[in-house]
Protein chains: 2
Amino acid sequence: MTQHARFTNRSKSGMASLLDEVARVKSRVDDVILNQLLPSSSPLKEVDLLYRMMRDYPQRKGKGLRPFFCVTTCRALGGEESESLLTAACIELFQNWILIHDDIEDSSELRRGEPTLHRKYDEGLAINAGDALHARMWGFLLRNRKPLGEERTLRILEEFSRMVNETTEGQHMELVWVVENKWKLNESDYLEMVSRKTSWYTVTSPCRLGAIVAGAGEEELKKLLEFGTKLGMAFQIQDDALNLVGDAEKYGKESSDDILEGKRTLILLRLLEVAERGEREKVLKIMGKSRNRKTAEDIRYVISLMKKHGAIKYAQGKAAQLLGEALAVLGTVEWKGEKESVELLTRVARYSVERQW
Amino acid sequence: MTQHARFTNRSKSGMASLLDEVARVKSRVDDVILNQLLPSSSPLKEVDLLYRMMRDYPQRKGKGLRPFFCVTTCRALGGEESESLLTAACIELFQNWILIHDDIEDSSELRRGEPTLHRKYDEGLAINAGDALHARMWGFLLRNRKPLGEERTLRILEEFSRMVNETTEGQHMELVWVVENKWKLNESDYLEMVSRKTSWYTVTSPCRLGAIVAGAGEEELKKLLEFGTKLGMAFQIQDDALNLVGDAEKYGKESSDDILEGKRTLILLRLLEVAERGEREKVLKIMGKSRNRKTAEDIRYVISLMKKHGAIKYAQGKAAQLLGEALAVLGTVEWKGEKESVELLTRVARYSVERQW
């Protein structure tokens, strides 16, 4: 066996055990969500439908990276996994209710391989089901009171409040750019938007919430904010890349729907920066069309230019750089918990940027 | 001066002083919302627009009955008005974010005399602004911690959680009836729906939240639940009636938009029950049309039948009965606060059913 083959094998089996561990946590969190938190049925036929709608996205296959960040950070800082599960479950619920609304805001057709909730049912019902799930999330968080006490419960609520505020501001920024057809944007605009839209709820708050459950202090929370901001940006850049070149079936969304939706990705902004004038004008014309007027040929053209000008590679290089910076921050945290969890955290950080779906 | 004239004068000046008092409380609550809670500007142009959208509905003229129920119940139970203002402000914020979403769900055009938020800006932006305001509401409620302590803060959060759950379930019921074009409904279905959609956030929780701030016990909270449920139903019935025959300019919505939106009001259900067969079929045919296919003649026809069969009078009779029952419950509460506040509570209850806008 060559040195290279040995390394590949080791890293593959390492990856398998990481994914097993992510799946294990996800299964515990799903159990909390589906068997302890969300109501399963109502004698009132109409309300029963609402409950089914609330359980719909949580029952679809997701990766479960966000609750894993929460649980693993908690353990790495010396906290109990069992004490973090309710909070991790509420992070998943946040992701689910905001996706219901995002899918309407972005006119998305598919989510995790199935029709989006507003396509499957009705738009008004879906907006309301998202609100219902949102409100339930806050109610469930109050159940931390008994196991964690009032002080930590309130700190967790504060963190959720910050998380939702940042996410809705980021989502607003992205939507406004599309609504106003704004293209005078550079890399730092994109990173500013993504640090709000993605970083907070994907990495920053999941980690900080795990830390709060573990009883960590301000110093750790600050470092996790820096770690989460950078890793979240890298995560989103990779997500944008997968949207263009990933395996659509695994990815569970329409391929290239970012282009259909007019999203300002780093890849697209880079393309606009380096493309020739004629190309640039053609791309802007395509991007300015409404969703259903964009043709398959339009999409192919934009992607081919992205490849020709190395825009995808450029963005992935930026993601790798951000990942490196994030990992460096992680190295400065004073971990009080199991070494194994610290290692898992490093590996899942790496995976979330290097994943293929 | 006749006996009657004296009574009318007294009651008019009584009404004036009630409305002055409602306006005084509303102005204090608005001050909290606009000057202490909602952010007013952001250096980021895009985020600044979000903040303006969040402040839009709160800046429009509303009656302010809900915060008044909260503040007045608090005083009537011996609590401090100043301690209830933050919570009352959050009740108003709840009303505002859910109206943003309701207006989209119901395809409403006007709100408080101006275009609805999604018409004024963009639907996706409005859904997100509603979410942003919703999340802010929970964050602001945490500020009760310092003045009221952890215990009461958490009880207030529990009550908000219940309030939003009930409201979204009621809203869902009403939407499903429209989406599924369901007409096999009777008075008790309507009251069941309204007790969730309207009672909780209009009367029940505002009163109970005031009570919690005042430190009231379970016994009072139970009575206020009964009071609020009944008064809320009566309030909604009167609201439905005003939608048909009220002063559209004062009311601030399109006249008869309940008929346009296909709402199942008690008035309509009563009409369907007592109308002749041919009339009934014609009404169902009109109500089954989509919003923009209903003509002005359709609307006039339905309203004329409602008048002919006394359906509006019937519903208002039901409202008067519910008001009477609600006031009877109020009489059994052991009030520990100022007598004047107890009297104001009775009068605002009466006003909320007898109001003309």
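1. Extent of the interface. In this predicted model, 49 residues of chain A are in contact with 49 residues of chain B, contact meaning heavy atoms within 4.5 Å. The area buried between chain A and chain B is about 4,500 Å², with 62% of that area coming from carbon and sulfur atoms. Buried area is here the accessible area (1.4 Å probe) that two parts lose on being put together, summed over both. A:Glu46, A:Leu154 and A:His172 supply 15% of the area that chain A buries against chain B, more than any other three residues.

2. Conventions. The model is predicted, so local features need pLDDT of at least 70 and side-chain atom pairs count only at pLDDT 80 or more, whereas totals for chains, interfaces and linings use all residues. Residues are numbered from 1 along each chain as its sequence is written, chains are lettered from A and ligands numbered from 1 in the order in which they are written, and side-chain values use heavy atoms, with hydrogens and water left out.

3. Polar content and elements of the interface. Between chain A and chain B there are 21 residue pairs in polar contact (both at pLDDT 80 or more). A polar contact is a pair of N or O atoms within 3.5 Å; within protein, one must be able to donate a hydrogen and the other to accept it, and residues adjacent in sequence count only if both atoms are side-chain atoms. On the side of chain A that touches chain B, α2 (45-59), α4 (81-105), α6 (123-141), α7 (145-179) and α8 (187-213) each supply at least two residues. The most is given by α7(A), with 19 residues. By class, the residues of this side are 22 nonpolar, 11 polar and 16 charged; Ala, Val, Leu, Ile, Met, Phe, Trp, Tyr, Cys and Pro count as nonpolar, Asp, Glu, Lys and Arg as charged, and the others, Gly among them, as polar.

4. Salt bridges across the interface. The count between chain A and chain B is eight salt bridges, each being a side-chain nitrogen of Lys or Arg within 4 Å of a carboxyl oxygen of Asp or Glu. A:Glu46 pairs with B:Lys182, the closest N and O atoms being 3.1 Å apart. A:Glu46 lies in helix α2 of chain A and B:Lys182 in the loop between α7 (145-179) and α8 (187-213) of chain B, so the pair joins two chains. Helices are DSSP runs (H or I, at least four residues), as are strands (E, at least two), numbered from the N terminus. A:Glu46 counts as buried at 7% relative accessibility, and B:Lys182 as partly exposed at 25%; buried means under 20% relative accessible area, exposed over 50%, and partly exposed in between (1.4 Å probe, protein chains only).

5. A buried pair between helices. A:Arg136 forms a salt bridge with B:Glu169, with the closest N and O atoms 2.9 Å apart. Both A:Arg136 and B:Glu169 are buried.

6. A:Gln171. This residue lies in helix α7 of chain A and counts as buried at 3% relative accessibility. The side chain of A:Gln171 makes a polar contact with that of A:Glu105 (2.6 Å). Leaving aside residues up to four places away in sequence, A:Gln171 touches A:Asp102, A:Glu105, A:Asp106, A:Lys197 and B:Asn128.

7. Chain A as a whole. Chain A has 16 helices and two strands. Of its 357 residues, 61% count as buried.
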